[in-house]
Amino acid sequence: MTLIGSAEQLAAYLAEAQEARRTEVRFELTAELSARLTDQQLTEALVTGLPMAQGVTRRIVRSRGMGTQVSLRLRYRDGIRLAELAAEDPALLTDLEREALDKARGIAAEAMQNSSDEERFASVHAWLCGHVTYVHTEPGRKGYERLVSAVGALLDGQANCQGFADALYLLCRLCGIAAAYRCGRGEKLLHVWNAVRLNGEWREADASKAARIDNLQTNFPPMKKTTTQDVKNVLY
């Protein structure tokens, strides 16, 4: 079992696990790190460190004066599943997933008529903001699983921040644009958004925030430079 002794080591370990698409992850925190982290802090570290996961089942066992053993079972986001199975084995997709993928391909095909990645990105981003409504529902409530998914965003026209990020990830991948998920704490709640690679640079984009702004042309999502080191879960 991998022994984790720092927050930085934990973040790197979780990033590597996601890049390898591992569905089961087990590790142990050293006694020193375990003593510094409350259950809430550990849970938040796992959530922010696993932005590619749509669902995480976790088992945390603390031993007094010793370390903490953590076992995770991961379910990756629908956008990842659709993007990867579309190229590898579409037969594994459900009817609903194929319907969502067909719609995404249509949106991407229109975007591909543009000549640059920036214009293609602007096209799929504008489609999302113009056709999907932001809806917030607490986890466990009816309809929540659809709101966090690219499938729900594309077919229902509704999504929370996770659903927007998932759909934008899928559309970018279909346009040949490298994309990633980001997760952190917003003003009050944990928030998910994207990073995209344009003209050789990683830039951040928050489609769910932009969708709540009326004038998309004058309020295009703020995009700032970031480094490849900052974006650990990159798919080309």
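1. Helices (H or I, at least four residues) and strands (E, at least two) are DSSP runs, numbered from the N terminus. With that in hand, E2 and E4 pair in the antiparallel sense, over 6 bridges. Glu 24 is the residue that stands opposite Arg 73 in E4.

2. A word on the basis of this note. The model is predicted, so local features need pLDDT of at least 70 and side-chain atom pairs count only at pLDDT 80 or more, while totals for chains, interfaces and linings use all residues. Residues are numbered from 1 along each chain as its sequence is written, and side-chain values use heavy atoms, with hydrogens and water left out.

3. Now look at the whole sheet. It is open, has 4 strands in the order E1-E2-E4-E3, and its pairing is mixed. Strand E1 (2–4) and E3 are at the edges with a single partner strand each, so one side of each has no neighbour in the sheet. From one strand to the next the twist averages 30°. Helix H3 (residues 39–49) packs on the sheet and touches strand E2 (24–29), E3 and E4; contact here means heavy atoms within 4.5 Å. The direction of H3 makes about 145° with that of E3.

4. Next, the hairpin. Strand E3 (residues 53–62) and strand E4 (residues 68–76) pair in the antiparallel sense over 9 bridges. Among the bridge partners, Ala 53 goes with Tyr 76 of E4, and Gly 55 with Arg 75 of E4. There are 5 residues between E3 and E4, and Gly 65 in the turn has a positive phi of about 75°.

5. Which side chains of E4 are buried? Thr 68, Val 70, Leu 72, Leu 74 and Tyr 76 point to one face and are buried (under 20% relative accessible area, with a 1.4 Å probe and protein chains only).

6. On to the helices. The axes of helix H6 (residues 117–131) and helix H9 (residues 161–174) come within 10 Å and cross at roughly 145°. Phe 121, Val 124, His 125 and Leu 128 of H6 make the contact with Phe 164, Ala 167, Leu 168, Leu 171 and Cys 172 of H9.

7. H9 also meets helix H5 (residues 95–111): their axes come within 9 Å and cross at roughly 60°. The contact is made by Leu 101, Ala 104, Arg 105, Ile 107 and Ala 108 of H5 and Leu 170, Leu 171 and Leu 174 of H9. Axes are lines fitted to C-alpha atoms, for helices over the stretch in contact, and angles run from 0 to 180 degrees between N-to-C directions.

Notes
Two strands pair if DSSP finds at least two bridges between them. Buried means under 20% relative accessible area, exposed over 50%, partly exposed in between (1.4 Å probe, protein chains only).
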